[in-house]
Amino acid sequence: MNQEHPLRAYRRQHDITLDQLGEMVGASKGFLSKIESRKQIPSMSLAAKLSEATKGVVPLNAFAPKSSSSEVAQ
């Protein structure tokens, strides 16, 4: 079972809509929704804005791609 994205958890806890967050960081509601559902990875610039908008509660590494179990470090 997938865990809720930290950005979505933050928004829910602070009663912030996707529209409101989008206005804060200059991104569309649809794009933010894709980030929260892990279908899109934001640019470093947008990830930094999102982290700043959450006062650092959602760190930059929350937006990093998840490695698959088939990937092996060499």
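Biologist: Is the crossing of α2 and α4 left-handed or right-handed?
Modeller: This is a predicted model. In it, α2 and α4 pack with their axes 10 Å apart. The angle between them is about 115 degrees. Their crossing is right-handed.

Biologist: Which residues of α2 and α4 make the contact?
Modeller: By class, the contact has six nonpolar residues, no polar ones and one charged residue. From α4 come L46, K49, L50 and A53. From α2 come L21, M24 and V25.

Biologist: How many helices and strands does the chain have?
Modeller: Along the sequence, the pattern reads α-α-α-α. That leaves the secondary structure at zero strands and four helices.

Biologist: Which element gives the largest share of the largest nonpolar core?
Modeller: The core has 16 residues. Those touching the most other members are L21, V25, L32, I35, L46, L50 and F63. Two or more residues come from each of α1 (6-13), α2 (18-25), α3 (29-36) and α4 (44-53). The largest share is four residues, and it comes from α4.

Biologist: Which residues is L50 in contact with, leaving aside neighbours within four places in sequence?
Modeller: L50 belongs to the core residues that touch the most other members. It also takes part in the contact of α4 with α2. Beyond its sequence neighbours, L50 is in contact with L7, L21, V25, L32, I35 and F63.

Biologist: Why does H5 count as buried?
Modeller: H5 sits in the segment before α1. Not counting residues up to four places away, H5 touches I35, E36, R38, A62 and F63. Buried means under 20% relative accessible area. H5 counts as buried because its relative accessibility is 3%.

Biologist: How far does the backbone nitrogen of L7 lie from a polar atom of the H5 side chain?
Modeller: A polar contact needs N or O atoms within 3.5 Å. For the backbone nitrogen of L7 and the side chain of H5, the distance is 3.0 Å.

Biologist: What percentage of contacts between residues at least 6 apart in sequence join residues at least 24 apart?
Modeller: The chain has 74 residues, and 31% of them count as buried. Of its contacts between residues at least 6 apart, the share joining residues at least 24 apart is 47%.

Terms used: Residues numbered from 1 in each chain as written. Predicted model: local features only at pLDDT ≥ 70, side-chain atom pairs only at ≥ 80, totals over all residues. Heavy atoms only, no water. Core = buried A, V, L, I, M, F, W, Y, C linked by side-chain atoms within 4.5 Å. Buried < 20%, exposed > 50% of the residue type's maximum accessible area, 1.4 Å probe, protein only. Contact = heavy atoms within 4.5 Å. Axes fitted to C-alpha atoms, helices over the stretch in contact; angles between N-to-C directions. Left-handed = near helix turned anticlockwise from the far one by under 90°. Nonpolar A, V, L, I, M, F, W, Y, C, P; charged D, E, K, R; others polar. Polar contact = N/O pair within 3.5 Å; in protein donor to acceptor, adjacent residues only side chain to side chain.
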